[in-house]
Amino acid sequence: MASNRLLLLPGDGIGPEIMEEVKKVIGWFNERTADTFEFDEGLVGGAAYDAHGASISEEDMAKAKAADAVIFGAVGGPKWDDVPYDVRPEAGLLRLRKDLGLFANLRPAICYPALADASSLKKDVIEGLDILIVRELTGGVYFGEPKTITDLENGQQRAIDTQVYDTYEIERIAGVAFDLARARRNKVTSMEKRNVMKSGVLWNQVVTATHDKSYKDVELEHMLADAGGMQLVRWPKQFDVIVCDNLFGDMLSDVAAMLTGSLGMLPSASLGAPDAATGKRKALYEPVHGSAPDIAGTGAANPIAMIASFAMALRYSFNMITEADMLEKAISNALDKGLRTKDIAQGDQATISTKEMGNAIVGEL
Ligand code: ATP
Ligand code: MG
């Protein structure tokens, strides 16, 4: 029966603590539902460096490639600040993204009803918010060549970064965005800067062509990325799925994330291309936050981002939509009951530990 293979990579800092809470959730599903999970664990980041002198071992890379989904905690911390660049903790995550071909980064911005008051924005702006930013993750200006700093004859220096996008890269990220929109409110907003960038012109054309060819049933809207950033803060509920390149996606997803509050609440998914034979996508799920070394070991970490990342795995890797909805509802219910870890408590509200929050969510399930 166990046909869904997970590789858990807890990593460093609070990573192992919040992964323990995901294991409880997996355990609950394994006891209750027919689709059960088989899971293996590996080391990544500083933990892998301490054990093997690499940010991820070849053995664990092979396990990641064989798994249906990788559930990733967080990497890094002051302990590894001085390790060589090639084996720094973050290199393990970059290697996973590259070798698994994870070109689509999904960042939802959801406002849980119980936390609608906690945002710095007016309550009516974010109450009920549920949008999804789809960021291209393996191309664009972060990787384009040339990428140099050169000395000029006049004593100055010149820095060059290059934005490069080929048709196929835009087609495949647009396809992911349209597919996701179909399972949501059926609308995609594509953001670029076609008024000043050639890559924006091509982006706009290819997204439109992809739409007209295969996704006519989905509403498509184009917006300049700067105007889009403004609209995201002014009235975010006008959006459903937003698709953009690596650079704009990096910025816009952080803006969208902070509409709704704490870093400890935000999940993400990174998806690869569907396998030609099975149709399954390689995928990695991780919280948006880092390893939070300042609170590691204190039991203060909020496990919700990590657990919500597992809910994304249920939804996007295993097509377990009912179960994903259930898990998200369980999180929402725990918050409705006033349960808060320290990072999301307001004023003198009582707080609970990482483990207590995990147990409460399993209880709600
Ligand atoms: P990275 O470079 O890996 O993204 P970072 O230094 O940007 O890491 P985080 O590790 O995410 O940041 O931590 C930023 C702040 O948010 C810290 O004060 C940390 O304690 C807090 N924080 C992050 N994640 C959580 C969480 N799950 N629960 C509670 N607090 C958190
Ligand atoms: Mg950071």
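**View 1. Ile 173 in helix H6 of the predicted model.** Ile 173 belongs to helix H6, which runs over residues 167-182. With 31 other C-beta atoms within 10 Å, Ile 173 is buried, because the cut-off for burial is 20 or more such atoms. Once its neighbours within four places in sequence are set aside, Ile 173 is in contact with Phe 103, Ala 104, Val 134, Glu 136 and Val 243. Leu 271 lies 98 residues from Ile 173 along the chain, and the C-alpha atoms of these two residues are separated by 9.9 Å.

**View 2. Strand E3 and its pairing with E1 and E12.** Strand E3 (69-74) is mostly covered, six of its six residues being buried. E3 pairs with E1 in the parallel sense over five bridges, and within this pairing Leu 7 stands opposite Val 70 of E3. E3 is also joined to strand E12 (residues 281-287) by two bridges, and these two strands likewise run parallel. Val 70 takes part here as well, with Leu 284 as its bridge partner in E12.

**View 3. Helix H1 and the elements against which its buried residues pack.** H1 has 18 residues and reaches 26 Å from its first C-alpha to its last, which is close to the 26 Å expected at 1.5 Å a residue. Its buried residues are Gly 15, Glu 17, Ile 18, Met 19, Glu 21, Val 22, Val 25 and Phe 29.

**View 4. The buried side of helix H12.** In H12, which spans residues 354-364, the residues Thr 354, Met 357, Gly 358 and Ile 361 are buried. They cover an arc of only 100° around the helix axis, and therefore lie on the same side of H12. The helices against which the buried residues of H12 pack are H1 (15-32), H10 (304-316) and H11 (321-336).

Definitions and conventions:
Residues are numbered from 1 along each chain as its sequence is written. Chains are lettered from A and ligands numbered from 1 in the order in which they are written. This is a predicted model: local features need pLDDT of at least 70, side-chain atom pairs count only at pLDDT 80 or more; totals for chains, interfaces and linings use all residues. A residue is buried if 20 or more other C-beta atoms lie within 10 Å of its own, exposed if 12 or fewer, and partly exposed in between; C-beta atoms are placed from the backbone. Helices (H or I, at least four residues) and strands (E, at least two) are DSSP runs, numbered from the N terminus. The arc is that of the directions from the helix axis to the C-beta atoms. Two residues are in contact if their C-beta atoms, placed from the backbone, lie within 7 Å. The expected span of a helix is 1.5 Å times one less than its number of residues. Two strands pair if DSSP finds at least two bridges between them.
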